[in-house]
There are 2 protein chains.
Amino acid sequence: MFVARTVAELRAARHEAPGPIGFVPTMGYLHQGHMSLVQAARIDCATVVASIFVNPTQFATGEDFERYPRNETNDLALLEANGADLVLLPGVEEVYTPGDTTRIRVDALTEVLEGARRPGHFIGVATVVAKLFHIVQPDRAYFGQKDAQQLVVIRRMTRDLLLPVEVVGCPTVREPDGLACSSRNVYLTPEQRQQAVALSQSLRAAEAAFADGVRDPHTLRRLVRERIEAQPLAAIDYISLADASTLWELNADIEASALLSLAVGFGNTHLLDNTTLVP
Amino acid sequence: MFVARTVAELRAARHEAPGPIGFVPTMGYLHQGHMSLVQAARIDCATVVASIFVNPTQFATGEDFERYPRNETNDLALLEANGADLVLLPGVEEVYTPGDTTRIRVDALTEVLEGARRPGHFIGVATVVAKLFHIVQPDRAYFGQKDAQQLVVIRRMTRDLLLPVEVVGCPTVREPDGLACSSRNVYLTPEQRQQAVALSQSLRAAEAAFADGVRDPHTLRRLVRERIEAQPLAAIDYISLADASTLWELNADIEASALLSLAVGFGNTHLLDNTTLVP
């Protein structure tokens with residue numbers, strides 16, 4: 001496994017590497033969710049490239065950029081063990097050259113859910129993903145379904161800008177009790193961690209109701225809400241049931257793929273989870 | 001010369017073409033200025049790709065998108081005669097897929113000069129150039145110095161987004177009397193056309209003063225202004241003397257490369273010209 005710490009090193013190594021090129025962009029502090037992306041790329045592609053870059057522009061002032069967890073040694077060991085060929089660890093001054101003023105925005109999709117809660121967040125995400133795509137020039141790029149809105153935004157940007165990259169969404173990986181893997185799970189106290197299982201449990205309950213024929217979005221949201229509200233340490237940011245492509249909130253009965261997503265705060269830690277309901 | 005009317009056709013042809021790939025994006029109604037770009041690409045590159053696409057998003061409501069001059073037959077003949085290998089004429093619905101909401105903005109640089117006169121113009125320019133770069137994937141792209149701010153914006157965007165493209169600026173091509181070639185020159189009445197020569201003449205006068213040691217930006221702007229104001233049909237939009245990289249308007253004596261640029265209206269036709277003063 002070759003570790004490139006500059007764009008030039010990555011490009012030189014990528015130039016020699018056989019295609020197709022699979023790419024897994026990450027912010028590091030890797031867990032089984034990231035490893036499932038590397039494994040998916042490993043099956044599909046001759047060369048697997050991963051990046052570790054904690055992107056400052058997707059954090060707002062007061063968010064956890066400075067304290068975002070980092071563990072480079074462990075990350076590199078995990079990537080090597082899971083078969084990555086190239087790893088890009090670029091310096092922030094190379095990704096954001098001094099004087100950088102270029103930003104990519106994906107309107108409409110980014111004004112709801114995480115975008116409403118975190119203004120500017122998806123401008124930072126879209127911009128850094130485009131930069132990383134330009135550096136790595138992958139044939140395919142792998143993202144987790146756990147960050148569902150991020151996946152929708154990246155798919156849209158890639159399509160709109162005619163980027164020659166296939167965006168592949170991979171299933172959410174979970175802890176044994178169902179909690180979605182996240183780098184931010186380490187922030188949870190034992191009690192918060194215990195109550196956090198309600199996120200996935202409420203989604204499973206909604207899926208069961210949906211399987212039983214419930215199509216009314218208000219009923220399904222309420223079912224989720226009641227289960228989260230039963231946890232004394234949980235503070236709901238949002239519970240959304242929206243069209244899976246446009247992210248428009250649904251009021252009428254579900255007739256097309258719908259994204260049921262939720263964000264819940266435990267102290268300063270915000271957890272996300274979601275499921276897609278397909279009629 | 002192969003004419004591709006879809007992205008898929010262009011990509012298939014480009015895939016077979018030898019590198020390096022030179023790219024000349026245009027809005028058609030080609031003139032000697034465009035041809036100089038094709039010729040520059042022809043010298044540098046094994047394959048020359050041109051595009052003709054009148055980009056709707058860089059025109060504001062009420063601007064001349066609908067009446068922008070078009071002449072595909074003549075354009076294709078000129079491109080063939082000047083040695084282009086591939087021409088892309090994409091449909092608007094392929095460049096802007098229904099539901100497209102992604103835009104690229106280059107802050108700071110685009111808030112002055114043409115950007116101030118035409119709000120949103122450079123968002124349209126930056127977005128379509130990125131799309132065309134993603135379709136064609138050129139090694140080098142050629143733009144005229146005549147649209148000086150556009151060139152600065154595209155250079156900045158290409159650098160900021162780490163696009164693997166070398167942006168090449170080419171000298172302005174002029175009519176025998178000095179008027180910069182422009183697709184919009186056809187709109188000028190004979191009297192307007194005669195008076196329009198004052199644009200280039202005023203720039204030559206400023207260059208002469210600069211060569212004689214004049215470094216004060218106010219003096220240089222005034223010198224240009226007086227020559228334009230002597231033309232009864234000319235209405236000045238702006239006369240700017242700015243840092244050539246940041247486009248910040250200069251107030252102190254010129255100490256680094258400075259862009260002297262002007263926009264002048266004749267009726268509804270806005271003409272641009274510029275020169276770079278290098279101390």
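Buried residues, meaning those with 20 or more other C-beta atoms within 10 Å of their own C-beta atom as placed from the backbone, make up 42% of the 279 residues in chain A. The model is a predicted one, in which local features need pLDDT of at least 70, side-chain atom pairs count only at pLDDT 80 or more, and totals for chains, interfaces and linings use all residues. Residues are numbered from 1 along each chain as its sequence is written, while chains are lettered from A and ligands numbered from 1 in the order in which they are written.

**Chain A as a whole**

- The secondary structure of chain A comes to 10 helices and 10 strands, where helices (H or I, at least four residues) and strands (E, at least two) are DSSP runs numbered from the N terminus.
- Chain A has a radius of gyration of 19 Å, close to the 19 Å that the globule rule gives for 279 residues, so it is as compact as a globular protein of that length; the radius is taken over C-alpha atoms, and the rule is 2.2 Å times the number of residues to the power 0.38.
- The C-alpha trace of chain A spans about 55 × 40 × 40 Å along its principal axes.
- Of the contacts in chain A between residues at least 6 apart in sequence, 70% join residues at least 24 apart, a contact being two residues whose C-beta atoms, placed from the backbone, lie within 7 Å.

**How the two chains are related**

**The contact between the chains**

- Chain A gives 25 residues to the contact and chain B gives 25 residues.
- On the side of chain A that touches chain B, two or more residues come from each of β5 (102-106), α6 (121-136) and α7 (148-160) of chain A, and the largest share, 5 residues, comes from β5(A).
- β5(A) pairs in the antiparallel sense with strand β5 (residues 102-106) of chain B over 5 bridges, pairing being defined by at least two DSSP bridges between two strands, and A:R105 has B:R103 as its bridge partner in β5(B).

**The open sheet of chain B**

- In chain B, 6 strands form an open sheet with parallel pairing, in the order β1-β4-β3-β2-β6-β7, and its edge strands are β1 (2-4) and β7 (166-170) of chain B, each of which pairs on one side only.
- Within chain B, strand β2 (residues 21-26) and strand β3 (residues 47-52) pair in the parallel sense over 6 bridges, and the bridge partner of B:T26 in β3(B) is B:I52.

**A residue in a loop of chain A**

- A:N82 lies in the loop between α3 (72-81) and β4 (86-88) of chain A, and this residue counts as buried because it has 21 C-beta neighbours inside 10 Å.
- Not counting residues up to four places away in sequence, A:N82 touches A:M35, A:V38 and A:Q39.
- A:N82 and A:R14 are 68 residues apart along the chain, and their C-alpha atoms are separated by 19 Å.

Key:
Buried ≥ 20, exposed ≤ 12 C-beta atoms within 10 Å, placed from the backbone.
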